[in-house]
Amino acid sequence: MTAGGTFDVIDFMEQRPALVAELLRLHVDDGTGHCAGCSWRQAAVPIHPCGIRWYAQCAEEALRCR
């Protein structure tokens, strides 16, 4: 993914603060070092923090800086 694509996702999330809050609520460590929010979607559960969490954290930081 290009850097421009990364910023597009973050910009999209910034426009939806409720989505950012929900993603941060769901995508947490499940106690084994994996992402609880991703566990239902795939057999190989991503390590926490997952990519979705990373994007949501970036968007949350951008929202705080406004």
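This is a predicted model: local features need pLDDT of at least 70, side-chain atom pairs count only at pLDDT 80 or more; totals for chains, interfaces and linings use all residues.
User: Which residues make up the largest nonpolar core?

Analyst: Let's begin with the general idea: nonpolar side chains tend to be buried together in soluble globular proteins. In this protein, buried residues account for 26% of the 66 residues. Helix 1 (3-14), helix 2 (17-26) and helix 3 (51-64) are the elements that each give two or more residues to the largest nonpolar core. Its eight members are Ile10, Met13, Val20, Leu23, Leu24, Tyr55, Ala56 and Ala59.

User: Which residues is isoleucine 10 in contact with, leaving aside its neighbours within four places in sequence?

Analyst: Isoleucine 10 is one of the residues of the largest nonpolar core. Contacts between residues 24 or more positions apart make up 50% of those with a separation of 6 or more in the protein. For isoleucine 10, once the neighbours within four places are set aside, the partners are Trp54, Tyr55, Cys58 and Ala59.

User: Now to charges. Which residue forms a salt bridge with glutamate 14?

Analyst: Side chains of opposite charge can pair when their charged atoms come close. Glutamate 14 sits in helix 1, and its partner lies in the segment after helix 3, 52 residues apart. The closest N and O atoms of the pair are 2.6 Å apart, and the partner is arginine 66.

User: Is glutamate 14 buried or exposed?

Analyst: A residue counts as buried under 20% relative accessible area and as exposed over 50%. Arginine 66, at 63%, is on the exposed side. Glutamate 14 has a relative accessible area of 11%, so this residue is buried.

User: How far apart are the N and O atoms in the salt bridge of glutamate 22 and arginine 25?

Analyst: Glutamate 22 and arginine 25 are three residues apart in helix 2, so about one helical turn separates them. Glutamate 22 is partly exposed at 33%, while arginine 25 is exposed at 52%. Their side chains meet in a salt bridge with an N to O distance of 2.6 Å.

Note on methods:
Residues are numbered from 1 along each chain as its sequence is written. Side-chain values use heavy atoms; hydrogens and water are left out. Buried means under 20% relative accessible area, exposed over 50%, partly exposed in between (1.4 Å probe, protein chains only). Contact means heavy atoms within 4.5 Å. A nonpolar core is a set of buried Ala, Val, Leu, Ile, Met, Phe, Trp, Tyr and Cys residues joined through side-chain atoms within 4.5 Å. Helices (H or I, at least four residues) and strands (E, at least two) are DSSP runs, numbered from the N terminus. A salt bridge is a side-chain nitrogen of Lys or Arg within 4 Å of a carboxyl oxygen of Asp or Glu.
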